[in-house]
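Please provide a short report on the protein model shown below.

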Amino acid sequence: MTTEMDAGMNEALPVRPWKIPQSVLVIIHTRELQVLLMRRTGGTGETGEDARSEFWQSVTGSKDALDEAFSLTAHREVLEETGIDSRAAECTLRDWNMENVYSIYPQWLHRYAPGVRENTERIFSLEVPPDTSVTLNPREHTAYGWWDWRDAADRCYSSSNAEAILWLPRFAGR
């Protein structure tokens with residue numbers, strides 16, 4: 001493990017590897033197109049409680065390794081953020097074979113290797129039964145709710161997340 005010395009403490013601290021600029025967006029929904037959204041704990045770059053309380057989103061997350069398949073990233077992130085096992089028999093994970101490329105917010109560029117300014121996000125949907133329980137990761141989200149797909153799109157902070165939800169009826173396998 002690579003370490004660095006903490007200037008004031010003379011203690012070795014682990015150095016985090018650069019974040020991989022490849023991620024997933026997973027829209028979790030029921031057959032009736034009720035969409036799960038979660039409220040972020042913060043991190044929009046805006047300040048104040050109102051900014052954090054309005055950052056609603058679907059599951060997102062980066063690959064842990066360059067050779068990690070997007071589908072494995074999707075399974076892992078869904079489980080980490082919601083407690084939902086996307087491999088369960090009653091769940092259906094669909095790879096839309098679509099990707100968004102977007103600029104990384106300036107306040108998060110330090111997490112990426114020098115010169116990295118864009119992220120590629122692969123889109124998935126996960127159909128779950130209507131009675132699916134959700135267990136949030138409290139470090140990432142403070143609340144969740146289920147909304148009709150149109151209402152869910154209106155609540156999303158991210159325009160790419162909202163746009164993907166609007167495409168949901170075409171990809172949901174109905």
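Predicted model: local features only at pLDDT ≥ 70, side-chain atom pairs only at ≥ 80, totals over all residues.

Residues are numbered from 1 along each chain as its sequence is written, and side-chain values use heavy atoms, with hydrogens and water left out.

The protein chain contains 4 helices and 9 strands; helices (H or I, at least four residues) and strands (E, at least two) are DSSP runs, numbered from the N terminus. Along the sequence, their order is β-β-β-β-α-β-β-α-β-β-β-α-α. Of the 174 residues, 43% count as buried, where buried means under 20% relative accessible area, exposed over 50% and partly exposed in between (1.4 Å probe, protein chains only). Contacts are defined by heavy atoms within 4.5 Å. Among those between residues at least 6 apart in sequence, 67% join residues at least 24 apart.

Confidence is expressed as pLDDT, the predictor's confidence in each residue, from 0 to 100. Its mean over the protein chain is 88, and 84% of the residues reach 70 or more.

| Segment | pLDDT | Contacts beyond four places in sequence |
|---|---|---|
| Residues 1-7 | under 50 | 17 contacts |
| Residues 44-52 | under 50 | 11 contacts |

The largest pocket has a volume of about 1,500 Å³. Of its 38 lining residues, Lys 19, Gly 61, Ser 62, Arg 111 and Tyr 112 are the closest to the centre. On a 1 Å grid over the protein atoms alone, a pocket is an open set of points where a 1.4 Å probe fits, with protein on both sides within 12 Å along at least five of seven lines, and lining residues have an atom within 4 Å of a point. Grid points are joined across faces, edges and corners, and the volume is the space filled by probe spheres set on the points.

Elements that each supply at least two lining residues include strand E3 (22-29), strand E6 (59-62) and helix H4 (159-171). The largest share, 4 residues, comes from H2. By class, the lining divides into 11 nonpolar, 14 polar and 13 charged residues; Ala, Val, Leu, Ile, Met, Phe, Trp, Tyr, Cys and Pro count as nonpolar, Asp, Glu, Lys and Arg as charged, and the others, Gly among them, as polar.

Asp 151 lies in helix H3 (residues 149-155). Asp 151 counts as partly exposed because its relative accessibility is 43%. Its C-alpha atom is separated by 9.7 Å from that of Ala 162, 11 residues apart along the chain.
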